[in-house]
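Here is a short briefing to read alongside the coordinates.

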Protein chains: 6
Amino acid sequence: MDRHQLHDLIRAFLREDIGRGDLTSEAIFTDDQIGMARLVARESCVVAGAEAVAAEVFRVQNPQITPSRAVADGSRVNPGTVLLAVQGPVADLLKAERLALNLLQRLAGIATLTARFVERVQGYPVRITDTRKTTPGLRVLEKYAVRVGGGANHRFNLTDGVLIKDNHIAACGSISEAVARVRRVVPHTIRVEVETDTLEQVRESLACGVDIIMLDNMAPAMMAEAVRMVAGRALVEASGGVNLESVAEIAATGVDIISVGALTHSAPACDIGMDWDGHEVDVDPPA
Amino acid sequence: MDRHQLHDLIRAFLREDIGRGDLTSEAIFTDDQIGMARLVARESCVVAGAEAVAAEVFRVQNPQITPSRAVADGSRVNPGTVLLAVQGPVADLLKAERLALNLLQRLAGIATLTARFVERVQGYPVRITDTRKTTPGLRVLEKYAVRVGGGANHRFNLTDGVLIKDNHIAACGSISEAVARVRRVVPHTIRVEVETDTLEQVRESLACGVDIIMLDNMAPAMMAEAVRMVAGRALVEASGGVNLESVAEIAATGVDIISVGALTHSAPACDIGMDWDGHEVDVDPPA
Amino acid sequence: MDRHQLHDLIRAFLREDIGRGDLTSEAIFTDDQIGMARLVARESCVVAGAEAVAAEVFRVQNPQITPSRAVADGSRVNPGTVLLAVQGPVADLLKAERLALNLLQRLAGIATLTARFVERVQGYPVRITDTRKTTPGLRVLEKYAVRVGGGANHRFNLTDGVLIKDNHIAACGSISEAVARVRRVVPHTIRVEVETDTLEQVRESLACGVDIIMLDNMAPAMMAEAVRMVAGRALVEASGGVNLESVAEIAATGVDIISVGALTHSAPACDIGMDWDGHEVDVDPPA
Amino acid sequence: MDRHQLHDLIRAFLREDIGRGDLTSEAIFTDDQIGMARLVARESCVVAGAEAVAAEVFRVQNPQITPSRAVADGSRVNPGTVLLAVQGPVADLLKAERLALNLLQRLAGIATLTARFVERVQGYPVRITDTRKTTPGLRVLEKYAVRVGGGANHRFNLTDGVLIKDNHIAACGSISEAVARVRRVVPHTIRVEVETDTLEQVRESLACGVDIIMLDNMAPAMMAEAVRMVAGRALVEASGGVNLESVAEIAATGVDIISVGALTHSAPACDIGMDWDGHEVDVDPPA
Amino acid sequence: MDRHQLHDLIRAFLREDIGRGDLTSEAIFTDDQIGMARLVARESCVVAGAEAVAAEVFRVQNPQITPSRAVADGSRVNPGTVLLAVQGPVADLLKAERLALNLLQRLAGIATLTARFVERVQGYPVRITDTRKTTPGLRVLEKYAVRVGGGANHRFNLTDGVLIKDNHIAACGSISEAVARVRRVVPHTIRVEVETDTLEQVRESLACGVDIIMLDNMAPAMMAEAVRMVAGRALVEASGGVNLESVAEIAATGVDIISVGALTHSAPACDIGMDWDGHEVDVDPPA
Amino acid sequence: MDRHQLHDLIRAFLREDIGRGDLTSEAIFTDDQIGMARLVARESCVVAGAEAVAAEVFRVQNPQITPSRAVADGSRVNPGTVLLAVQGPVADLLKAERLALNLLQRLAGIATLTARFVERVQGYPVRITDTRKTTPGLRVLEKYAVRVGGGANHRFNLTDGVLIKDNHIAACGSISEAVARVRRVVPHTIRVEVETDTLEQVRESLACGVDIIMLDNMAPAMMAEAVRMVAGRALVEASGGVNLESVAEIAATGVDIISVGALTHSAPACDIGMDWDGHEVDVDPPA
């Protein structure tokens with residue numbers, strides 16, 4: 001994640017949540033009233049973004065806030081674990097609190113779910129990847145959380161990967177014509193992937209030398225047959241309706257990649273809260 | 001929703017998903033290949049954003065796309081219902097498809113969940129509201145979906161509402177001091193709300209004339225007691241751990257407002273897909 | 001005022017005044033020629049923005065500029081008082097000078113005029129507020145100056161307050177219908193205000209439980225009658241043609257709020273200049 | 001004024017005033033309720049920006065608004081004159097009203113004051129110009145209004161004009177050294193101006209061939225002497241404390257330019273209001 | 001090229017060249033003085049961007065300008081060929097002229113040079129690609145011109161391609177370790193490329209299954225040896241000091257890709273001018 | 001060059017080149033792996049932008065990078081000279097390398113070519129200036145390089161200079177009418193320039209008191225005649241087809257300014273590379 005881009009994103013999100021200021025806190029706290037708080041896991045999870053995102057939210061809100069004790073990304077933690085401690089002006093801690101939690105809960109949720117998928121396929125030489133079914137505006141963060149959870153990323157957007165789907169094939173008349181047209185204009189640094197529904201399409205894809213063959217919504221037995229057919233001449237990706245129950249059986253078919261939309265569109269947020277240490281607060285009334 | 005702001009948001013989201021262009025579709029389709037597709041509900045839901053958001057996504061991507069047959073916001077639809085039809089250059093339909101679906105699924109999900117909460121409290125003079133637990137960057141859209149689902153909005157951000165919490169009270173020494181400080185600087189157009197954990201705090205809040213008393217995580221019996229104590233002299237808001245099971249019992253206590261974080265942070269996306277009508281596509285190869 | 005938003009504003013204003021650079025000063029001064037100057041009140045005024053705005057203008061222009069001796073906001077000062085001292089590269093002092101003065105003169109002007117209105121109503125339990133008649137682009141600063149001068153703010157924009165005017169009433173057929181429609185969609189955190197021209201409208205407003213009743217351009221006697229009629233069941237706001245001559249009489253009617261467009265649209269700028277201490281300047285010619 | 005830049009400015013100003021929407025009007029009006037209104041002069045003035053600015057505000061808010069009957073810039077009008085008529089969705093007319101009036105009142109005020117200065121010097125071959133004492137963020141508009149009022153513009157910013165002041169001269173040791181340093185780096189398309197306080201400085205400036213000599217706060221007799229001394233070899237600009245009473249006497253000294261800060265920093269806003277034609281409004285309640 | 005992004009770019013470039021307006025043309029032309037002009041090739045070239053870029057510059061400047069007769073991208077034209085005709089307000093044609101020419105000359109220059117490289121390797125199954133040595137801010141346009149000229153694009157930026165260089169190898173201790181680390185985190189949709197200086201490195205790269213082997217500054221004989229060694233198991237890219245004289249010999253070695261920095265960093269601009277048809281101009285003086 | 005504007009430019013350019021991150025370097029280097037490198041001239045050149053631009057690129061990419069040993073702008077250096085040394089995190093050095101080199105090579109190229117033109121006219125009281133034929137988006141940097149090379153700048157854009165061309169004259173009917181119209185609206189701080197093709201036009205321009213007369217594409221003898229005719233009553237600028245061969249002869253005609261488009265549109269980039277000092281790199285594998 002690029003520092004400048006992350007900061008721009010955080011500033012926009014803070015502005016959304018804060019507006020022109022926190023009416024309540026600014027009426028009550030002066031700038032020199034310092035507080036301390038901890039972001040604490042309320043349930044077991046795989047941490048993602050404590051230092052890289054949540055701590056940055058506080059720093060962007062006010063560089064005088066000092067984050068500490070950030071748990072490393074990818075750590076598995078138990079309920080009650082402090083994921084991040086923050087110290088600084090109370091009003092700024094309050095202004096950053098909601099956004100830091102919203103982001104951290106979501107990213108930890110994605111990392112945790114990803115880790116569960118990865119566990120299910122342990123032992124198989126397969127990678128679990130995300131899709132483009134991410135939250136608008138948060139893709140760079142959500143794909144980061146997938147990596148933290150042990151998964152890998154699929155293409156980031158429509159420019160840095162090629163996926164020939166049924167519409168494209170229909171418009172060209174054949175897979176080979178579609179692949180030929182794409183090859184002509186696509187940088188040689190990018191692999192060409194074709195979405196297939198049938199073994200016949202797998203065969204046609206192989207014949208024209210595609211790099212990645214996506215098996216779309218195939219039954220495991222058919223996937224296994226496709227993998228045998230490909231025999232290492234292309235990467236094979238399973239896609240469509242993958243869940244925690246089915247993923248191991250799919251991995252057993254020998255596919256190289258399993259892409260899972262649920263990693264980002266259906267990961268439940270982790271329960272993470274912010275506990276205040278009130279004793280640090282200077283309760284002298286503001287002048 | 002402001003037109004300029006919505007378009008800016010959509011442009012940023014399209015840029016995230018498309019990058020500099022759709023390598024695959026631009027290699028295959030020419031600008032004059034026209035297609036037609038339908039966004040179709042795969043499950044029952046309350047529609048939110050078919051015209052106001054999804055259709056705009058397509059229009060922003062290319063003003064030559066013609067959306068039609070948009071289902072009105074708030075409609076309850078059955079599986080198979082066409083929520084929006086779009087016609088235009090195939091490459092642009094493909095570029096806008098993912099974002100339009102991502103947004104529509106999420107907004108319909110929120111409206112649908114909100115409607116379920118609203119149904120549960122039917123007959124009670126209570127309003128179901130959202131919270132600030134929205135997706136960063138999407139608050140204006142998600143709060144719109146809550147209204148579409150029959151709910152109401154709580155404050156949008158920290159500037160347009162006052163909520164005095166335990167930190168504020170602790171820093172001031174008492175609720176009355178906190179309220180006094182806030183009243184001095186807050187526009188008279190904005191109500192002052194205090195978060196209470198005990199009936200003693202409710203009493204203290206009433207004594208200093210707060211406008212809204214939030215009952216935070218109280219048991220229903222205690223809420224009912226608080227409502228009796230308030231006796232119409234302030235609005236009473238129930239908050240904390242509200243779910244579909246508990247909401248009716250809470251409404252029965254006589255509170256005026258029930259705020260529900262789950263409306264936005266836990267609404268499952270509705271299953272909505274895009275079906276293509278292939279026959280419209282001109283399959284002549286591009287020159 | 002949010003730090004990020006203030007800095008963005010200042011950067012835009014500096015760019016307007018400086019363009020791509022100060023042709024004259026950059027031809028003459030090197031970066032290591034240090035100067036010192038003082039912003040000095042040329043007339044009596046209430047200070048607003050010496051530290052919060054003018055000092056920030058200099059810091060944004062060049063973080064190496066050290067502002068000092070800033071007079072606290074709200075101070076009443078005599079002619080000759082130093083409001084802010086600045087030390088740093090001469091070329092940058094010259095580039096920031098015009099903007100710092102333009103803003104400080106305007107904000108002090110608003111605070112000074114506000115303070116005069118507030119003085120006139122001393123002893124009455126009334127608040128003097130601003131309106132939306134602010135300078136485009138400067139609202140957040142001008143409303144800050146009103147608070148500094150002892151006034152309070154009315155709604156910031158059309159989103160964070162409700163004001164039902166004659167057009168709205170005409171379109172609905174009645175005040176009660178207008179209020180009902182608005183209540184349905186407005187967050188419970190925001191009070192509903194109605195603009196009234198007659199006592200009949202005041203009565204109708206009261207009957208439908210509006211929170212704030214604006215008396216628009218009424219004569220003092222009529223205002224007093226309206227206040228009696230309301231009897232504490234709503235806030236009462238006087239509006240329209242208020243000036244320093246009339247404000248005390250209006251306050252005497254018992255209204256809670258007097259909104260005064262003149263605070264921002266007609267406050268004469270305070271005369272504040274920048275005096276240079278030439279002896280600090282290194283007059284060695286640049287290499 | 002560049003169309004793109006003007007629209008960006010207007011969008012920013014509308015966003016400031018409207019926020020995320022007009023709570024009141026959106027609750028009451030549907031998009032198909034059409035209204036008509038007129039911006040009407042309440043006092044005599046020179047019009048500036050009726051078509052170029054106010055009409056654009058309405059068009060930017062909603063392209064479906066049709067402005068008409070715009071009075072030409074520079075026209076002198078009597079009280080009651082319609083400066084602009086607008087027709088379109090009522091909610092959008094209400095959203096744009098405040099900004100359109102705020103800008104038009106200010107620009108007409110500047111044009112009107114400028115015209116008064118210009119009248120006072122009629123018959124003298126002198127131009128009345130503005131200064132950099134403009135409202136931050138509005139310079140391009142305010143300088144436009146000065147031209148509309150019959151005045152001319154001084155440099156727009158520190159990049160497109162050279163003005164050597166006492167600080168610069170002190171740092172260089174002499175006017176000639178300051179001029180020499182500036183000439184070396186300044187484009188030949190830009191004239192070099194020097195600020196002078198004494199006739200000796202005028203002589204020195206002439207000797208080193210400056211293009212414009214500013215007479216800063218000189219008495220009229222001394223100005224006349226300076227003009228004789230210059231004898232057409234440079235442009236002569238009078239500056240400092242010019243007002244409607246003194247301007248004719250200054251013009252009589254023979255100076256070429258009189259720059260007047262008051263044109264922009266002290267022009268009282270013209271009284272312009274918006275009158276609604278209620279009969280056009282469809283009062284059917286929204287569905 | 002994305003329409004929104006292209007327009008944003010053009011608007012920024014127009015603002016750079018025009019500033020706040022064209023002092024000269026706005027003083028002379030009224031909006032209704034219409035002119036006609038033609039962009040004409042002064043030398044033979046391959047056209048790139050007549051419609052896609054130059055015509056857009058005019059449209060963005062003023063939508064009332066009508067471009068016509070745009071020569072198709074990739075066309076080879078002789079001196080005197082009209083590449084684009086434009087008709088519209090003279091002042092706007094003058095404002096857009098410089099930018100349209102600057103861009104068209106540069107893009108045609110790149111396309112023309114690319115076409116010369118492509119011709120030299122005709123008959124060889126090799127693709128000529130660009131590099132990251134593009135003009136800052138213009139990469140998307142310059143890479144487009146390369147494709148128009150018959151070349152192909154290398155990776156667009158550091159995110160959408162992998163190139164392991166000597167620094168990376170040194171830091172890892174070996175090519176295989178570097179490749180292993182990269183493979184773990186890179187999307188499977190992106191090929192891994194390694195820069196090699198020796199045949200030993202080519203061998204090591206092959207052994208760990210890299211997808212693309214770059215031969216950096218190797219002599220043709222050594223390249224040929226490398227190609228034999230690779231034997232189709234990876235793509236082979238020649239890089240470093242390629243010019244029109246050497247490119248055919250390099251192609252003859254059997255490499256798959258030849259990347260040429262000169263395509264973008266050293267392409268001479270094509271000589272293209274704008275001829276006016278003065279008879280269309282209405283010479284009536286403006287009112 | 002304004003610091004804020006330069007940083008905004010650099011951030012945009014870095015984003016173009018880096019995208020969302022450097023896939024390769026981020027996979028291999030940890031943040032605490034520090035490297036050192038030198039930007040070295042591979043050929044003789046006049047340095048421009050080592051400190052002002054290239055060092056800033058590295059600082060913007062990561063403030064932890066320490067640039068040092070920057071060669072002063074305007075220095076003539078031999079091949080092998082270190083122009084800038086940089087030390088910091090290796091991954092960030094690699095991310096900034098390409099942009100720093102692209103800019104430095106281009107700016108040094110312009111300064112070097114400008115210096116060659118300036119040398120050719122040594123002894124003549126003439127200034128060599130640039131034109132508007134700069135790279136879109138880079139004008140402020142390229143014009144800076146021209147000054148570094150000993151040249152001067154012509155107008156920056158269409159707002160800060162006046163140039164009356166044949167279109168303008170044709171539309172007005174005569175030079176004198178064109179000049180009159182322009183004089184009326186142009187600030188007195190800006191000189192008026194007229195483009196002339198014939199001695200008759202020179203005479204007409206003189207007669208109406210223009211400040212600068214451009215001789216467009218005249219033969220040297222004709223230029224000399226024009227200079228005699230003008231006799232110091234206006235600045236004389238030679239323009240059109242100036243090159244290193246012709247420039248001295250043109251200077252000998254006595255013109256005051258020679259404007260040369262080639263300075264910016266045809267300056268070959270200087271060969272500057274980045275040499276790494278590998279021994280500084282910590283080769284411990286990342287944890």
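A salt bridge here is a side-chain nitrogen of Lys or Arg within 4 Å of a carboxyl oxygen of Asp or Glu. By this rule, the count over all chains comes to 102 salt bridges. Please keep in mind that this is a predicted model.

**Chain A as a whole**

- Chain A holds eleven helices and twelve strands.
- Along the principal axes, the C-alpha atoms of chain A fill a box of roughly 80 × 40 × 25 Å.
- Chain A has 287 residues, and 62% of them count as buried.
- If you look at contacts in chain A between residues at least 6 apart in sequence, 71% of these join residues at least 24 apart.
- The accessible surface of chain A is about 10200 Å², and carbon and sulfur atoms account for 49% of that surface.
- On the charge side, chain A carries 29 positive and 38 negative side chains, with 6 Å between the centres of the two sets.

**A landmark in chain A: Thr30(A)**

- You will find Thr30(A) in the loop that runs between helix H2 (23-28) and strand S1 (34-41) of chain A.
- Is Thr30(A) buried or partly exposed? Its relative accessible area is 24%, so Thr30(A) is partly exposed; the cut-off for buried is under 20%.
- Thr30(A) and His188(A) are 158 residues apart along the chain, and their C-alpha atoms are separated by 59 Å.

- The size of an interface is often given as the accessible area lost when the parts come together.
- Between chain B and chain A, about 4600 Å² is buried, with 59% of this area coming from carbon and sulfur atoms.
- Glu16(B), Leu23(B) and Pro136(B) are the residues of chain B that lose the most area to chain A, and together they make up 15% of what that side buries.
- In terms of contacts, 56 residues of chain B touch 56 residues of chain A.
- Four salt bridges are counted between chain B and chain A.
- Arg139(A) and Asp17(B) pair their side chains in a salt bridge, at 2.7 Å from N to O.

**Where chain C meets chain B**

- This contact involves 22 residues from chain C and 22 residues from chain B.
- The buried area between chain C and chain B is about 1800 Å², and carbon and sulfur atoms give 48% of it.
- Which three residues supply more than any others of the area that chain C buries against chain B? They are His188(C), Thr189(C) and Arg191(C), which supply 43% of that area.
- The rule finds two salt bridges across the interface of chain C and chain B.
- Arg191(B) and Asp211(C) form a salt bridge through their side chains, at 3.0 Å from N to O.

- Chain C and chain E are not in contact, and their nearest C-alpha atoms are 10 Å apart.
- Chain B and chain F do not touch either, and here the nearest C-alpha atoms are 10 Å apart.

**Salt bridges between chains**

- The side chains of Arg132(C) and Asp17(D) meet in a salt bridge with an N to O distance of 2.7 Å.
- That pair crosses between chains: Arg132(C) sits in the loop between strand S6 (127-129) and helix H5 (139-148) of chain C, while Asp17(D) belongs to helix H1 (residues 3-18) of chain D.
- Both Arg132(C) and Asp17(D) are buried.
- Asp17(E) and Arg139(F) form a salt bridge in which the closest N and O atoms are 2.7 Å apart.
- This pair joins two chains, because Asp17(E) lies in helix H1 (residues 3-18) of chain E and Arg139(F) in helix H5 (residues 139-148) of chain F.
- Asp17(E) is buried at a relative accessible area of 2%, and Arg139(F) counts as buried at 1% relative accessibility.
- Asp8(A), Arg11(F) and Arg15(F) are linked in a network of salt bridges.

**A salt bridge within chain F**

- Lys95(F) forms a salt bridge with Glu26(F), with the closest N and O atoms 2.7 Å apart.
- Lys95(F) lies in helix H4 (residues 90-120) and Glu26(F) in helix H2 (residues 23-28) of chain F, so the pair ties together parts that are 69 residues apart in sequence.
- Lys95(F) is buried, with a relative accessible area of 11%, whereas Glu26(F) is partly exposed, with a relative accessible area of 37%.

Conventions
Residues numbered from 1 in each chain as written. Chains lettered and ligands numbered in written order. Predicted model: local features only at pLDDT ≥ 70, side-chain atom pairs only at ≥ 80, totals over all residues. Heavy atoms only, no water. Helix = DSSP H or I, 4+ residues; strand = E, 2+ residues; numbered from the N terminus. Buried < 20%, exposed > 50% of the residue type's maximum accessible area, 1.4 Å probe, protein only. Contact = heavy atoms within 4.5 Å. Areas by Shrake-Rupley, 256 points an atom, 1.4 Å probe, with all protein chains shown as cover. Lys, Arg positive; Asp, Glu negative; His and termini not counted. Charge placed at Lys NZ, Arg CZ, Asp CG, Glu CD. Buried area = accessible area lost by both parts, 1.4 Å probe.
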